[in-house]
Structure formats: structure tokens, C-alpha cells
Amino acid sequence: EYEDTLANPYIAAERGYEPVLVDLDPWAGGSDVLLGLEHVAGVRWHDLDGADGEFDADGLLHRLPAGPLGERVLAHDRWAARPVDPDVVRAAMHALRLSAGLLVVDGAVPADLPELRRPRDRVWVAIGADVRSSAAGIAATQWLSLQGVQHRTVLLHTGAAPEHDEFDRIDELVRVGRSEWRDLDRGV
């Protein structure tokens, strides 16, 4: 049952896990957009700029933008997209590990993981079936393998299950309808 919640923050929220999505990529579409929380008031990464020391775990959690089911997100403000100080990221991650029921981290680059990952954390690489996403996914899975990081892969596709011989393995295939894919591209 817990494993199922990893794939969908809404299921996790419905089951009372208090999921938090942490977005580490300042130039991507944003996890807040993915959850439809881009206009919800709350703390974004730029609000934490200059912080020093530890965060109040519950205080940080309850100041994040929250959805109707309790799903929360720590994302970049689209108007202030820039990398976050690594010390601030570590402090925020530590606080959220203490307060969130389920922490999902969207890393921009696999190299972000070693400092933030704990031995029991699960690492998933989500890969699109298009050429650019596949190339990035292959590079990410190879890098993780070379670093000895146990990971699983999920391939998102819009049609019949694509050929994926170029990957060591695909652990999950997720079919996404064309209209859903367009919605994701637009941030819906």
C-alpha cells in the first residue's frame, strides 16, 4: 500500500501521509505547477534565501503551499528562478524529513542526490519516451549505476509500449494519454 503512494501524491494525501514534493530544478516547469499550486500562497525557495542554521520542521511544513488533500510543495518561484544555496537545501530537507509523511524530491541532476539521499531512500528516474527525455534518462541511470545508487526507472509513454532496449531495465511503464501529456506540458 505504501509503495502505491510513491507514484501519486494525491493517493498519498488521501491516505494521510502528508506528502511534500521538493523541486530542486529552478528552470523546470515546477512541481507546484504539476500539482496546480502555483498560485497558492506559501513559502518558496527564494523565501528561504539567506537562512542560516536549522529550520523549525513543523513551521516550515505548514508554511508550504498546500492542496485540498494536504499535499504540499517546496518549489521555485517562477519570477525568481535561480539555484538555491546548498546549505539551505540541506537544512530544508532535514526539516522536511522530520515533519513530512512522504518526501518526494524532484532533482534536476543526479549529482544532486548523494548529499541529500539517505541509505533507505528510494530513487526513481522518470523518463519520457521522446528522444531528448530518453537520452537524459539513459545518462541519469548510467550515472546512478556508476555511483552505486540503487534506483528504479519508470518510462512514461503515450502509445503502445515503446521499445526500450537501450535501458538496462524499465521497472514500470506508465501510459499517459496524449491530452494528459499536453496538459502536463502546459502545466495543467
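The structure is a predicted model, in which local features need pLDDT of at least 70 and side-chain atom pairs count only at pLDDT 80 or more, while totals for chains, interfaces and linings use all residues. Residues are numbered from 1 along each chain as its sequence is written, and side-chain values use heavy atoms, with hydrogens and water left out.

- Strand β1 covers residues 19-23, and since five of the five are buried, the strand is largely enclosed by the rest of the structure; buried here means under 20% relative accessible area, exposed over 50%, and partly exposed in between, with a 1.4 Å probe and protein chains only.
- In a regular strand the side chains alternate between the two faces of the sheet.
- In β1 both faces are covered, with P19, L21 and D23 buried on one side and V20 and V22 buried on the other.
- Strands are DSSP runs of E with at least two residues, helices are runs of H or I with at least four residues, and both are numbered from the N terminus.
- Two strands count as paired if DSSP finds at least two bridges between them.
- β1 runs parallel to strand β3 (residues 102-106), to which five bridges join it, and V20 stands opposite L103 of β3.
- β1 also runs parallel to strand β2 (residues 72-74), here through three bridges, with L21 opposite V73 of β2.

**Arginine 72**

- R72 belongs to strand β2 and is buried, its relative accessible area being 14%.
- A polar atom of the R72 side chain lies 3.3 Å from the backbone oxygen of L64, where a polar contact is a pair of N or O atoms within 3.5 Å, one able to donate a hydrogen and the other to accept it within protein, and residues adjacent in sequence count only if both atoms are side-chain atoms.
- Beyond its neighbours within four places in sequence, R72 is in contact (heavy atoms within 4.5 Å) with residues including P19, V20 and L21 of the chain, as well as L35, L61 and H62.

- An open sheet of three strands has the order β4-β5-β6 and parallel pairing.
- β4 (124-128) and β6 (172-175) stand at the edges with a single partner strand each, so one side of each has no neighbour in the sheet.
- From one strand to the next, the twist averages 25°, with axes fitted as lines to C-alpha atoms (for helices over the stretch in contact) and angles running from 0 to 180 degrees between N-to-C directions.
- Five bridges pair β4 with strand β5 (residues 152-157) in the parallel sense, and G128 stands opposite L156 in β5.
- Helix α7 (residues 131-146) lies across β4 and β5 and runs at about 160° to β4.
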